[in-house]
Amino acid sequence: MDAVQQEATARARELQRSWYGEPLGALFRRLIDDLGLNQARLAAVLGLSAPMLSQLMSGQRAKIGNPAVVQRVQALQDLAGQVADGSVSAAEATDRMDEIKKTQGGSVLSNSGQTSISSGAPTVKRVVREIQSLLRSVSAAGDIIDAADTLAPSHPELAEFLRVYGAGRTADAVAHYEAHQN
């Protein structure tokens with residue numbers, strides 16, 4: 001890949017981050033992992049061609065042009081959160097994905113403030129992943145650890161937060177989040 005292509009890809013990923021909260025490659029890989037899909041199945045559920053999904057993931061394309069596809073992405077994110085918190089079984093998730101695949105979408109803004117269509121409440125794991133994604137979009141894990149080490153003597157709670165969410169495992173961050181919600 002030449003410098004012009006690299007610059008275009010970086011620009012596309014930054015646009016994706018501003019539009020979707022993170023680059024689509026990271027978002028789609030998480031959906032694939034969380035829902036036990038492969039790229040072809042994810043593309044089919046979203047209503048995209050496999051090449052289009054690949055272009056979005058790689059940053060060759062920045063934007064999902066079809067609002068119904070954006071809503072399907074949101075619905076799959078919600079479903080992944082429900083699977084992660086155990087409120088939806090793998091079998092139910094498969095049925096729900098078939099339902100999501102058939103949806104035509106509506107107003108793009110209708111559910112934008114919600115992270116879970118069924119309950120309207122975000123799951124703990126989803127909230128934690130959003131925090132992790134935000135921190136990791138700002139800085140690399142090593143830099144976050146360095147910042148935590150600098151803060152530790154005067155602000156140990158902030159240092160712990162940075163270490164847990166910025167460079168730690170999701171399970172540890174979920175435990176931290178739950179411990180600090182009371």
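Modeller: Bear in mind that this is a predicted model. The lining of the largest cavity draws at least three residues from each of domain 1 (1-103) and domain 2 (124-180).

Biologist: How many cavities of 30 Å³ or more does a search of the whole structure find?
Modeller: The search finds 1 cavity of 30 Å³ or more, and the volume of the largest cavity is about 120 Å³.

Biologist: Changing topic to packing: at what angle do H7 and H9 pack?
Modeller: H7 and H9 pack at an angle of about 95°, and their axes are 8 Å apart. Because of that angle, H7 counts as roughly perpendicular to H9.

Biologist: Which residues make that contact?
Modeller: From H7 the contact uses Val-128, Ile-131, Gln-132, Leu-135 and Arg-136, while H9 contributes Phe-161, Leu-162, Tyr-165, Gly-166 and Ala-167. By class, the contact of H7 with H9 has 7 nonpolar, 2 polar and 1 charged residues.

Biologist: What about H9 and H10, where do their axes cross?
Modeller: The axes of helix H9 (residues 156-167) and helix H10 (residues 170-179) come within 8 Å and cross at roughly 140°. H9 is therefore oblique to H10, since only angles over 145 degrees count as roughly antiparallel.

Biologist: Which residues make the contact there?
Modeller: On the H9 side they are Glu-160, Phe-161, Val-164 and Tyr-165, and on the H10 side Asp-172, Ala-173, His-176 and Tyr-177. The contact of H9 with H10 comprises 5 nonpolar, 1 polar and 2 charged residues. Phe-161 and Tyr-165 of H9 are listed in the contact with H10 and also in the contact with H7.

Conventions: Residues numbered from 1 in each chain as written. Predicted model: local features only at pLDDT ≥ 70, side-chain atom pairs only at ≥ 80, totals over all residues. Heavy atoms only, no water. 1 Å grid on protein atoms, 1.4 Å probe; cavity = no way out; pocket = protein on both sides within 12 Å on 5 of 7 lines; lining within 4 Å. Points joined across faces, edges and corners; volume = space filled by probe spheres on them. Domains from an automatic or database assignment. Axes fitted to C-alpha atoms, helices over the stretch in contact; angles between N-to-C directions. Helix = DSSP H or I, 4+ residues; strand = E, 2+ residues; numbered from the N terminus. Parallel < 35°, antiparallel > 145°, perpendicular 65-115°, else oblique. Contact = heavy atoms within 4.5 Å. Nonpolar A, V, L, I, M, F, W, Y, C, P; charged D, E, K, R; others polar.
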